[in-house]
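Here's a walk through the contacts that hold this model's picture together. Have the viewer open and follow along.

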Amino acid sequence: MRLKSGTYRVLWEAHAWAGAVASVLLVGMFLLGVVSLFRHELMPWQEPRLRAGAVVDEARALGTLQSWLDARADLPAQLDVDLPAPYSPWLRLEWKEAGGSKAAVWLDPATGEQAPERSDLSYFLFLVHFLYPLPGGMLVAGLVAIVLLLVVGTGLVIQVGRFQKDLVRFRPREALRTMWGDLHKVLGSIGLPYQAVMAWTAAIICINAAVLQPVMVRTAFDGDLDAGLATLGYPRGAKPSKQPAAAPRVATLLEQARGALPDARHYRFSMRNLGDASAYVDVRGYARAGLHEFTVVRVSRTGEVLHVRQAGGPGATAKLLEAAYVLHSGLYAGMGMRLVYALLGLFSALCVVTGNLVWLERRSRGMRWVDVALARFTAGGCGGAAFSLAAVFLANQLLPDSLPRRPDWEHGIFYASWCACVLGALAYPRAKAWAQHLLALSGAILVVLPWLDAWRHARRVFDPVGSPYVFCADVGLALLGAVFLVSAWVIGRISPRDPRTAEMPLPIPAHEGR
(Lines give C-alpha, C1' and ligand atoms only; values in the text may rest on other atoms or scores of the structure.)
Protein backbone atom coordinates (compact mmCIF):
# COMPACT_ATOMS: atom_id res chain seq x y z
CA MET A 1 0.00 0.00 0.00
CA ARG A 2 1.40 3.40 -1.01
CA LEU A 3 0.22 6.53 0.76
CA LYS A 4 -0.57 9.71 -1.14
CA SER A 5 2.14 12.34 -0.82
CA GLY A 6 -0.08 14.71 1.19
CA THR A 7 -1.15 11.97 3.59
CA TYR A 8 2.43 10.80 4.00
CA ARG A 9 3.60 14.35 4.76
CA VAL A 10 0.93 14.86 7.44
CA LEU A 11 1.68 11.52 9.08
CA TRP A 12 5.43 12.12 8.96
CA GLU A 13 5.09 15.58 10.55
CA ALA A 14 2.81 14.20 13.28
CA HIS A 15 5.25 11.35 13.90
CA ALA A 16 8.28 13.65 13.99
CA TRP A 17 6.76 16.41 16.12
CA ALA A 18 5.25 14.00 18.66
CA GLY A 19 8.53 12.13 19.02
CA ALA A 20 10.59 15.30 19.27
CA VAL A 21 8.39 16.92 21.93
CA ALA A 22 8.44 13.87 24.22
CA SER A 23 11.91 12.59 23.32
CA VAL A 24 13.83 13.49 26.49
CA LEU A 25 11.21 12.07 28.85
CA LEU A 26 10.82 8.96 26.70
CA VAL A 27 14.56 8.23 26.72
CA GLY A 28 14.72 8.76 30.48
CA MET A 29 11.66 6.59 31.13
CA PHE A 30 12.96 3.78 28.92
CA LEU A 31 16.38 3.78 30.66
CA LEU A 32 14.82 3.90 34.13
CA GLY A 33 12.40 1.18 33.08
CA VAL A 34 15.34 -1.08 32.19
CA VAL A 35 16.77 -0.64 35.70
CA SER A 36 13.34 -0.97 37.35
CA LEU A 37 12.88 -4.43 35.87
CA PHE A 38 15.51 -5.66 38.32
CA ARG A 39 14.66 -3.50 41.33
CA HIS A 40 14.41 -6.46 43.71
CA GLU A 41 17.63 -8.09 42.51
CA LEU A 42 19.48 -4.78 42.99
CA MET A 43 18.70 -4.59 46.70
CA PRO A 44 21.76 -6.55 47.94
CA TRP A 45 24.00 -4.34 45.81
CA GLN A 46 22.58 -1.08 47.17
CA GLU A 47 22.25 -2.41 50.76
CA PRO A 48 25.44 -4.38 51.55
CA ARG A 49 24.12 -5.76 54.85
CA LEU A 50 21.70 -7.93 52.87
CA ARG A 51 24.53 -9.84 51.17
CA ALA A 52 25.65 -11.92 54.14
CA GLY A 53 22.38 -12.11 56.04
CA ALA A 54 21.88 -15.55 57.56
CA VAL A 55 18.82 -17.39 56.33
CA VAL A 56 16.69 -18.33 59.34
CA ASP A 57 13.52 -20.34 59.59
CA GLU A 58 10.20 -18.56 59.33
CA ALA A 59 9.19 -19.12 62.95
CA ARG A 60 12.33 -17.39 64.21
CA ALA A 61 11.87 -14.45 61.83
CA LEU A 62 8.27 -14.00 62.96
CA GLY A 63 9.38 -14.26 66.59
CA THR A 64 11.94 -11.48 66.03
CA LEU A 65 9.26 -9.27 64.49
CA GLN A 66 6.86 -10.02 67.34
CA SER A 67 9.52 -9.10 69.91
CA TRP A 68 10.10 -5.78 68.12
CA LEU A 69 6.37 -5.00 68.16
CA ASP A 70 5.91 -6.00 71.81
CA ALA A 71 8.95 -4.00 72.95
CA ARG A 72 7.77 -0.68 71.50
CA ALA A 73 5.67 1.48 73.75
CA ASP A 74 4.89 3.94 70.95
CA LEU A 75 3.81 1.78 68.03
CA PRO A 76 3.26 3.74 64.79
CA ALA A 77 -0.35 3.77 63.66
CA GLN A 78 0.68 2.44 60.23
CA LEU A 79 3.52 -0.03 59.74
CA ASP A 80 4.58 -1.95 56.61
CA VAL A 81 6.75 -5.03 57.10
CA ASP A 82 8.44 -6.80 54.19
CA LEU A 83 9.11 -10.42 55.10
CA PRO A 84 12.47 -12.07 54.30
CA ALA A 85 13.00 -13.06 50.66
CA PRO A 86 15.92 -14.66 48.77
CA TYR A 87 17.18 -11.22 47.65
CA SER A 88 16.42 -9.62 51.03
CA PRO A 89 16.97 -11.97 54.00
CA TRP A 90 16.31 -9.23 56.59
CA LEU A 91 12.96 -7.85 57.68
CA ARG A 92 12.25 -4.33 56.42
CA LEU A 93 9.99 -2.06 58.50
CA GLU A 94 8.64 1.28 57.29
CA TRP A 95 6.37 3.81 58.99
CA LYS A 96 5.72 7.54 59.21
CA GLU A 97 7.02 9.68 62.03
CA ALA A 98 4.86 12.21 63.85
CA GLY A 99 5.98 14.97 61.48
CA GLY A 100 5.02 12.95 58.40
CA SER A 101 8.55 11.97 57.36
CA LYS A 102 9.25 8.37 56.38
CA ALA A 103 11.29 6.12 58.65
CA ALA A 104 12.61 2.74 57.54
CA VAL A 105 14.85 0.21 59.28
CA TRP A 106 16.23 -3.25 58.60
CA LEU A 107 15.78 -5.94 61.24
CA ASP A 108 18.04 -8.98 61.34
CA PRO A 109 15.66 -11.94 61.80
CA ALA A 110 18.39 -13.99 63.49
CA THR A 111 19.68 -11.54 66.09
CA GLY A 112 17.09 -8.74 66.22
CA GLU A 113 19.78 -6.19 65.26
CA GLN A 114 18.19 -3.01 63.92
CA ALA A 115 19.87 -0.79 61.31
CA PRO A 116 18.57 2.31 59.51
CA GLU A 117 17.82 1.98 55.81
CA ARG A 118 20.92 2.98 53.87
CA SER A 119 19.37 3.38 50.42
CA ASP A 120 16.12 2.95 48.52
CA LEU A 121 17.82 3.39 45.15
CA SER A 122 16.08 0.73 43.07
CA TYR A 123 12.59 1.54 44.36
CA PHE A 124 13.21 5.27 43.85
CA LEU A 125 14.21 4.71 40.22
CA PHE A 126 11.09 2.56 39.77
CA LEU A 127 8.91 5.45 41.00
CA VAL A 128 10.74 8.01 38.83
CA HIS A 129 10.14 5.74 35.83
CA PHE A 130 6.47 6.74 36.25
CA LEU A 131 7.44 10.33 37.30
CA TYR A 132 5.52 9.55 40.50
CA PRO A 133 7.64 11.66 42.92
CA LEU A 134 7.14 14.83 40.84
CA PRO A 135 4.06 17.08 41.27
CA GLY A 136 1.56 15.96 38.64
CA GLY A 137 4.11 13.42 37.46
CA MET A 138 1.68 10.56 36.87
CA LEU A 139 -0.45 12.76 34.64
CA VAL A 140 2.61 13.85 32.64
CA ALA A 141 3.74 10.22 32.34
CA GLY A 142 0.29 9.25 31.07
CA LEU A 143 0.34 12.02 28.48
CA VAL A 144 3.83 10.96 27.37
CA ALA A 145 2.52 7.39 27.00
CA ILE A 146 -0.32 8.67 24.80
CA VAL A 147 2.20 10.60 22.71
CA LEU A 148 4.22 7.39 22.34
CA LEU A 149 1.07 5.62 21.15
CA LEU A 150 0.67 8.36 18.52
CA VAL A 151 4.31 7.95 17.48
CA VAL A 152 3.98 4.17 17.21
CA GLY A 153 0.68 4.41 15.32
CA THR A 154 1.88 6.94 12.75
CA GLY A 155 5.15 5.06 12.34
CA LEU A 156 3.21 1.86 11.70
CA VAL A 157 1.07 3.49 9.00
CA ILE A 158 4.10 5.11 7.38
CA GLN A 159 5.92 1.76 7.27
CA VAL A 160 3.04 -0.38 5.99
CA GLY A 161 4.31 -2.44 3.06
CA ARG A 162 7.95 -1.53 3.78
CA PHE A 163 8.76 -3.57 6.90
CA GLN A 164 10.55 -6.41 5.17
CA LYS A 165 12.78 -4.07 3.17
CA ASP A 166 13.55 -1.56 5.94
CA LEU A 167 14.13 -4.21 8.61
CA VAL A 168 17.38 -5.35 7.00
CA ARG A 169 18.52 -2.18 5.23
CA PHE A 170 21.27 -0.18 6.90
CA ARG A 171 23.63 2.04 4.89
CA PRO A 172 26.33 3.42 7.21
CA ARG A 173 28.37 4.87 4.33
CA GLU A 174 25.54 7.04 3.04
CA ALA A 175 24.65 10.56 4.17
CA LEU A 176 23.94 11.08 7.86
CA ARG A 177 20.26 11.60 7.20
CA THR A 178 20.10 8.27 5.37
CA MET A 179 22.14 6.44 8.00
CA TRP A 180 20.08 7.73 10.94
CA GLY A 181 16.87 7.06 9.02
CA ASP A 182 17.86 3.44 8.35
CA LEU A 183 18.86 2.85 11.97
CA HIS A 184 15.66 4.48 13.22
CA LYS A 185 13.52 2.27 10.98
CA VAL A 186 15.35 -0.92 11.97
CA LEU A 187 15.07 -0.18 15.70
CA GLY A 188 11.47 0.96 15.33
CA SER A 189 10.47 -2.15 13.39
CA ILE A 190 12.09 -4.48 15.93
CA GLY A 191 10.69 -2.69 18.95
CA LEU A 192 7.27 -1.68 17.61
CA PRO A 193 5.20 -4.39 19.40
CA TYR A 194 7.08 -3.78 22.65
CA GLN A 195 6.69 0.00 22.41
CA ALA A 196 2.97 -0.32 21.65
CA VAL A 197 2.42 -2.56 24.69
CA MET A 198 4.49 -0.30 26.96
CA ALA A 199 2.68 2.83 25.79
CA TRP A 200 -0.78 1.28 26.10
CA THR A 201 -0.22 -0.18 29.56
CA ALA A 202 1.53 2.95 30.87
CA ALA A 203 -1.36 5.10 29.64
CA ILE A 204 -3.85 2.87 31.46
CA ILE A 205 -1.82 2.87 34.70
CA CYS A 206 -0.99 6.57 34.82
CA ILE A 207 -4.11 8.16 33.38
CA ASN A 208 -6.27 6.00 35.63
CA ALA A 209 -4.34 7.02 38.74
CA ALA A 210 -4.14 10.71 37.83
CA VAL A 211 -7.51 11.35 36.16
CA LEU A 212 -9.97 8.49 35.75
CA GLN A 213 -10.03 7.19 39.31
CA PRO A 214 -10.69 10.60 40.94
CA VAL A 215 -13.34 11.38 38.30
CA MET A 216 -15.05 8.02 38.80
CA VAL A 217 -15.13 8.52 42.57
CA ARG A 218 -16.72 11.96 42.19
CA THR A 219 -19.28 10.88 39.58
CA ALA A 220 -20.12 7.17 39.58
CA PHE A 221 -19.65 6.81 43.35
CA ASP A 222 -20.90 10.29 44.39
CA GLY A 223 -17.63 11.11 46.09
CA ASP A 224 -17.55 7.87 48.09
CA LEU A 225 -13.87 6.89 48.03
CA ASP A 226 -14.55 3.74 50.04
CA ALA A 227 -16.89 2.43 47.34
CA GLY A 228 -14.33 3.19 44.63
CA LEU A 229 -11.57 1.33 46.48
CA ALA A 230 -13.88 -1.62 47.10
CA THR A 231 -14.37 -2.12 43.34
CA LEU A 232 -10.59 -2.66 43.06
CA GLY A 233 -10.56 -5.16 45.91
CA TYR A 234 -8.93 -2.84 48.45
CA PRO A 235 -11.75 -1.63 50.76
CA ARG A 236 -10.92 0.71 53.59
CA GLY A 237 -10.66 -0.80 57.03
CA ALA A 238 -12.18 0.20 60.34
CA LYS A 239 -11.37 3.58 61.91
CA PRO A 240 -9.47 3.75 65.22
CA SER A 241 -11.68 3.06 68.22
CA LYS A 242 -9.46 5.05 70.63
CA GLN A 243 -9.21 1.96 72.84
CA PRO A 244 -5.59 0.86 73.38
CA ALA A 245 -4.69 -2.76 72.70
CA ALA A 246 -1.63 -4.96 72.23
CA ALA A 247 -0.01 -5.63 68.87
CA PRO A 248 -1.44 -8.49 66.77
CA ARG A 249 0.22 -11.92 66.74
CA VAL A 250 2.11 -12.04 63.45
CA ALA A 251 2.31 -15.85 63.34
CA THR A 252 -1.49 -16.02 63.56
CA LEU A 253 -1.82 -13.43 60.78
CA LEU A 254 0.31 -15.46 58.39
CA GLU A 255 -1.43 -18.72 59.32
CA GLN A 256 -4.84 -17.21 58.59
CA ALA A 257 -3.67 -15.73 55.29
CA ARG A 258 -2.31 -19.09 54.16
CA GLY A 259 -5.52 -20.78 55.15
CA ALA A 260 -7.52 -18.32 53.01
CA LEU A 261 -5.13 -18.34 50.01
CA PRO A 262 -2.84 -21.38 50.23
CA ASP A 263 -1.39 -20.92 46.72
CA ALA A 264 -0.17 -17.35 47.27
CA ARG A 265 3.30 -16.27 48.38
CA HIS A 266 2.65 -13.80 51.20
CA TYR A 267 5.39 -11.20 51.35
CA ARG A 268 4.17 -8.17 53.33
CA PHE A 269 2.22 -7.14 56.42
CA SER A 270 0.46 -3.78 56.03
CA MET A 271 -0.58 -3.01 59.61
CA ARG A 272 -3.11 -0.28 60.34
CA ASN A 273 -4.42 1.24 63.59
CA LEU A 274 -1.60 -0.41 65.53
CA GLY A 275 -1.97 -0.07 69.29
CA ASP A 276 -5.74 0.23 68.91
CA ALA A 277 -8.46 -2.37 69.49
CA SER A 278 -9.62 -1.93 65.86
CA ALA A 279 -6.20 -2.77 64.39
CA TYR A 280 -6.13 -4.92 61.27
CA VAL A 281 -3.46 -6.24 58.92
CA ASP A 282 -3.49 -6.66 55.13
CA VAL A 283 -1.32 -9.68 54.33
CA ARG A 284 -0.25 -9.04 50.74
CA GLY A 285 0.88 -11.76 48.38
CA TYR A 286 1.51 -13.01 44.85
CA ALA A 287 -0.49 -15.75 43.16
CA ARG A 288 0.34 -16.52 39.53
CA ALA A 289 -2.90 -16.46 37.52
CA GLY A 290 -1.86 -15.33 34.05
CA LEU A 291 -1.74 -11.53 34.07
CA HIS A 292 -3.33 -11.40 37.53
CA GLU A 293 -1.07 -11.76 40.56
CA PHE A 294 -1.82 -9.54 43.56
CA THR A 295 -3.69 -10.93 46.56
CA VAL A 296 -4.72 -9.52 49.95
CA VAL A 297 -6.03 -11.24 53.05
CA ARG A 298 -7.26 -8.80 55.71
CA VAL A 299 -7.05 -10.16 59.25
CA SER A 300 -8.23 -8.43 62.42
CA ARG A 301 -6.01 -7.95 65.46
CA THR A 302 -7.65 -10.96 67.06
CA GLY A 303 -7.07 -13.22 64.03
CA GLU A 304 -10.43 -13.05 62.24
CA VAL A 305 -10.37 -13.02 58.42
CA LEU A 306 -12.21 -9.85 57.33
CA HIS A 307 -11.62 -9.72 53.57
CA VAL A 308 -10.01 -11.81 50.84
CA ARG A 309 -8.92 -10.38 47.49
CA GLN A 310 -8.19 -13.03 44.90
CA ALA A 311 -5.63 -12.35 42.15
CA GLY A 312 -7.17 -9.96 39.65
CA GLY A 313 -9.67 -8.40 42.00
CA PRO A 314 -13.46 -8.47 42.09
CA GLY A 315 -14.40 -6.89 38.76
CA ALA A 316 -13.43 -6.05 35.20
CA THR A 317 -11.86 -2.69 36.11
CA ALA A 318 -9.58 -4.24 38.73
CA LYS A 319 -8.62 -7.05 36.36
CA LEU A 320 -7.78 -4.60 33.55
CA LEU A 321 -5.61 -2.39 35.77
CA GLU A 322 -3.78 -5.33 37.30
CA ALA A 323 -3.19 -6.96 33.91
CA ALA A 324 -1.82 -3.66 32.54
CA TYR A 325 0.64 -3.34 35.43
CA VAL A 326 1.78 -6.98 35.28
CA LEU A 327 2.22 -6.78 31.50
CA HIS A 328 4.10 -3.48 31.76
CA SER A 329 6.47 -4.81 34.43
CA GLY A 330 7.09 -8.22 32.88
CA LEU A 331 5.99 -9.94 36.09
CA TYR A 332 3.98 -12.59 34.23
CA ALA A 333 7.15 -14.39 33.11
CA GLY A 334 10.59 -15.20 34.45
CA MET A 335 14.01 -13.63 34.23
CA GLY A 336 14.36 -14.45 30.53
CA MET A 337 11.41 -12.26 29.61
CA ARG A 338 12.70 -9.42 31.74
CA LEU A 339 16.05 -9.58 29.95
CA VAL A 340 14.19 -9.35 26.63
CA TYR A 341 12.28 -6.35 28.02
CA ALA A 342 15.57 -4.73 29.04
CA LEU A 343 17.12 -5.18 25.59
CA LEU A 344 14.01 -3.82 23.86
CA GLY A 345 13.98 -0.90 26.29
CA LEU A 346 17.52 0.06 25.29
CA PHE A 347 16.61 -0.32 21.61
CA SER A 348 13.59 1.93 22.15
CA ALA A 349 15.66 4.65 23.83
CA LEU A 350 18.09 4.56 20.91
CA CYS A 351 15.16 4.61 18.47
CA VAL A 352 13.91 7.87 20.02
CA VAL A 353 17.38 9.46 19.83
CA THR A 354 17.88 8.45 16.19
CA GLY A 355 14.44 9.88 15.40
CA ASN A 356 15.59 13.25 16.71
CA LEU A 357 18.78 12.98 14.65
CA VAL A 358 16.72 12.34 11.50
CA TRP A 359 14.68 15.46 12.34
CA LEU A 360 17.82 17.56 12.75
CA GLU A 361 19.50 16.24 9.60
CA ARG A 362 16.45 17.11 7.51
CA ARG A 363 16.79 20.70 8.73
CA SER A 364 20.59 20.97 8.81
CA ARG A 365 20.67 23.53 5.97
CA GLY A 366 18.12 25.85 7.52
CA MET A 367 18.21 25.44 11.29
CA ARG A 368 15.60 27.50 13.11
CA TRP A 369 15.69 28.31 16.80
CA VAL A 370 13.36 25.41 17.54
CA ASP A 371 15.76 23.01 15.82
CA VAL A 372 18.74 24.40 17.72
CA ALA A 373 16.79 24.05 20.98
CA LEU A 374 15.85 20.47 20.10
CA ALA A 375 19.48 19.63 19.37
CA ARG A 376 20.59 21.00 22.72
CA PHE A 377 17.75 19.40 24.69
CA THR A 378 18.44 16.08 22.97
CA ALA A 379 22.11 16.30 23.92
CA GLY A 380 21.51 17.49 27.49
CA GLY A 381 18.31 15.60 28.27
CA CYS A 382 19.13 12.24 26.74
CA GLY A 383 22.79 12.35 27.76
CA GLY A 384 21.65 13.63 31.15
CA ALA A 385 19.36 10.62 31.63
CA ALA A 386 22.40 8.35 31.30
CA PHE A 387 24.60 10.57 33.48
CA SER A 388 22.05 10.98 36.29
CA LEU A 389 21.62 7.20 36.37
CA ALA A 390 25.37 6.72 36.69
CA ALA A 391 25.62 9.55 39.24
CA VAL A 392 23.01 8.11 41.59
CA PHE A 393 24.68 4.68 41.52
CA LEU A 394 28.01 6.36 42.29
CA ALA A 395 26.36 8.32 45.13
CA ASN A 396 25.10 5.03 46.54
CA GLN A 397 28.74 3.97 46.86
CA LEU A 398 30.33 7.19 48.08
CA LEU A 399 27.83 8.88 50.42
CA PRO A 400 28.65 8.20 54.10
CA ASP A 401 26.41 5.61 55.71
CA SER A 402 25.98 7.87 58.74
CA LEU A 403 24.58 10.74 56.67
CA PRO A 404 21.16 11.79 58.03
CA ARG A 405 18.31 11.10 55.59
CA ARG A 406 20.78 9.44 53.25
CA PRO A 407 18.20 8.21 50.68
CA ASP A 408 17.02 11.81 50.21
CA TRP A 409 20.57 12.80 49.29
CA GLU A 410 20.59 10.16 46.56
CA HIS A 411 17.28 11.48 45.23
CA GLY A 412 18.63 15.03 45.16
CA ILE A 413 21.81 14.00 43.35
CA PHE A 414 19.75 12.26 40.67
CA TYR A 415 17.54 15.30 40.00
CA ALA A 416 20.41 17.80 40.23
CA SER A 417 22.58 15.79 37.81
CA TRP A 418 19.86 15.61 35.16
CA CYS A 419 19.01 19.32 35.47
CA ALA A 420 22.70 20.30 35.36
CA CYS A 421 23.17 18.29 32.14
CA VAL A 422 20.23 20.04 30.45
CA LEU A 423 21.45 23.49 31.55
CA GLY A 424 24.98 22.63 30.49
CA ALA A 425 23.76 21.77 27.00
CA LEU A 426 22.29 25.25 26.67
CA ALA A 427 25.66 26.85 27.49
CA TYR A 428 28.12 24.43 25.89
CA PRO A 429 29.12 25.55 22.37
CA ARG A 430 28.62 22.17 20.64
CA ALA A 431 25.65 19.92 21.38
CA LYS A 432 27.27 16.83 19.84
CA ALA A 433 30.41 17.14 21.95
CA TRP A 434 28.31 17.67 25.11
CA ALA A 435 26.34 14.49 24.48
CA GLN A 436 29.54 12.59 23.75
CA HIS A 437 31.15 13.78 27.02
CA LEU A 438 28.07 12.86 29.07
CA LEU A 439 27.79 9.37 27.60
CA ALA A 440 31.52 8.70 27.93
CA LEU A 441 31.55 9.84 31.56
CA SER A 442 28.39 7.86 32.34
CA GLY A 443 29.81 4.72 30.76
CA ALA A 444 33.13 5.09 32.59
CA ILE A 445 31.37 5.47 35.94
CA LEU A 446 29.17 2.42 35.43
CA VAL A 447 32.06 0.25 34.22
CA VAL A 448 34.18 1.23 37.25
CA LEU A 449 31.38 0.73 39.80
CA PRO A 450 31.81 -3.07 40.20
CA TRP A 451 35.50 -2.59 40.99
CA LEU A 452 34.72 0.26 43.39
CA ASP A 453 32.16 -1.84 45.27
CA ALA A 454 34.53 -4.83 45.36
CA TRP A 455 37.31 -2.65 46.80
CA ARG A 456 35.03 -1.10 49.42
CA HIS A 457 33.73 -4.46 50.63
CA ALA A 458 36.93 -6.51 50.24
CA ARG A 459 35.51 -8.95 47.74
CA ARG A 460 36.42 -10.22 44.31
CA VAL A 461 34.80 -8.44 41.40
CA PHE A 462 32.48 -10.48 39.15
CA ASP A 463 32.59 -13.32 41.67
CA PRO A 464 29.84 -15.90 40.89
CA VAL A 465 30.66 -17.79 44.09
CA GLY A 466 29.50 -14.92 46.29
CA SER A 467 26.06 -13.34 46.21
CA PRO A 468 24.41 -14.15 42.84
CA TYR A 469 22.50 -10.87 43.02
CA VAL A 470 25.70 -8.83 43.44
CA PHE A 471 27.35 -10.77 40.62
CA CYS A 472 24.43 -10.08 38.26
CA ALA A 473 24.35 -6.42 39.31
CA ASP A 474 28.08 -6.13 38.55
CA VAL A 475 27.59 -7.65 35.10
CA GLY A 476 24.52 -5.53 34.35
CA LEU A 477 26.19 -2.26 35.35
CA ALA A 478 29.31 -3.07 33.33
CA LEU A 479 27.26 -3.97 30.24
CA LEU A 480 25.16 -0.81 30.52
CA GLY A 481 28.35 1.21 30.91
CA ALA A 482 29.77 -0.46 27.80
CA VAL A 483 26.63 0.50 25.86
CA PHE A 484 27.10 4.14 26.87
CA LEU A 485 30.81 4.07 25.98
CA VAL A 486 30.11 2.59 22.55
CA SER A 487 27.41 5.23 22.01
CA ALA A 488 29.92 7.97 22.87
CA TRP A 489 32.44 6.47 20.45
CA VAL A 490 29.83 6.34 17.67
CA ILE A 491 28.90 9.98 18.26
CA GLY A 492 32.57 10.90 18.06
CA ARG A 493 32.85 9.19 14.68
CA ILE A 494 29.98 11.18 13.18
CA SER A 495 31.14 13.51 10.44
CA PRO A 496 29.11 16.60 9.63
CA ARG A 497 29.88 16.12 5.94
CA ASP A 498 28.22 13.76 3.52
CA PRO A 499 30.72 10.87 3.28
CA ARG A 500 29.99 10.43 -0.41
CA THR A 501 31.41 13.88 -1.12
CA ALA A 502 34.47 13.13 1.01
CA GLU A 503 35.49 10.41 -1.42
CA MET A 504 35.50 12.80 -4.42
CA PRO A 505 38.87 14.35 -5.45
CA LEU A 506 39.24 17.96 -4.44
CA PRO A 507 39.49 20.48 -7.30
CA ILE A 508 43.05 21.75 -7.88
CA PRO A 509 43.41 25.55 -7.90
CA ALA A 510 44.66 26.92 -11.23
CA HIS A 511 47.88 28.41 -9.83
CA GLU A 512 48.86 25.03 -8.26
CA GLY A 513 48.23 23.08 -11.47
CA ARG A 514 50.96 24.82 -13.38
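## Cysteines

The sulfur of Cys 419 has its closest cysteine sulfur in Cys 421, 9.2 Å away, which is too far for a bond. A disulfide here means a pair of cysteine sulfur atoms within 2.5 Å, and searching the whole structure turns up 0 of them. Cys 419 itself is partly exposed, at a relative accessible area of 48%. For burial, the scale is relative accessible area with a 1.4 Å probe and protein chains only: buried is under 20%, exposed is over 50%, and partly exposed is in between.

Some ground rules: this is a predicted model, where local features need pLDDT of at least 70 and side-chain atom pairs count only at pLDDT 80 or more, while totals for chains, interfaces and linings use all residues. Residues are numbered from 1 along each chain as its sequence is written, and side-chain values use heavy atoms, with hydrogens and water left out.

## Nonpolar cores

A nonpolar core is a set of buried Ala, Val, Leu, Ile, Met, Phe, Trp, Tyr and Cys residues joined through side-chain atoms within 4.5 Å. The largest one has 78 residues, and Leu 125, Phe 393, Phe 414 and Leu 449 have the most contacts inside it. Helix 13 (residues 369–398) supplies the largest share of this core, 10 residues. Helices (H or I, at least four residues) and strands (E, at least two) are DSSP runs, numbered from the N terminus. Another core lies apart from the largest one; it has 29 residues, including Leu 69, Ala 103, Met 271 and Val 283.

What does Phe 414 touch? Leaving out residues up to four places away in sequence, its contacts (heavy atoms within 4.5 Å) include Leu 32, Phe 124, Leu 125 and Val 128. Ser 388, Leu 389 and Val 392 are also among them.

## Aromatic rings and charges

There are 15 aromatic pairs in the structure. Rings of Phe, Tyr and Trp (its six-membered ring) pair if their centres lie within 6.5 Å; planes under 30 degrees apart count as stacked, over 60 as edge-to-face and the rest as tilted. Trp 68 and Trp 95 make a tilted pair, because their planes sit at 50°, with ring centres 5.7 Å apart. Trp 68 belongs to helix 4 (residues 58–71) and Trp 95 to strand 2 (residues 91–96), so the pair ties together parts 27 residues apart in sequence. Both Trp 68 and Trp 95 are buried. Tyr 267 and Tyr 286 are stacked instead, with centres 4.7 Å apart and planes at 10°. Tyr 267 is buried at 16% relative accessibility, whereas Tyr 286, at 23%, is partly exposed.

Ring pairs also link Phe 124, Phe 414, Tyr 415 and Trp 418 into a cluster. A charge sits over a ring if NZ of Lys or CZ of Arg is within 6 Å of the ring centre and within 35 degrees of the ring normal. Arg 72 puts its charged end over the ring of Trp 95, 5.3 Å from the centre, and Arg 39 lies over the face of Phe 126 at 4.0 Å from the ring centre.

## Strand 7 and its neighbours

Strand 7 (residues 292–300) has 9 of its 9 residues buried, so it is largely enclosed by the rest of the structure. Strands pair if DSSP finds at least two bridges between them. Strand 6 and strand 7 run antiparallel, joined by 8 bridges, with Arg 298 as the bridge partner of Asp 282. Their hairpin has 2 residues between the strands, and Gly 290 there takes a positive phi near 70°.

Strand 7 also pairs with strand 8 (residues 305–309), in the antiparallel sense, over 4 bridges. Val 305 is the bridge partner of Val 299. This hairpin has 4 residues between the strands, and Gly 303 takes a positive phi near 100°.
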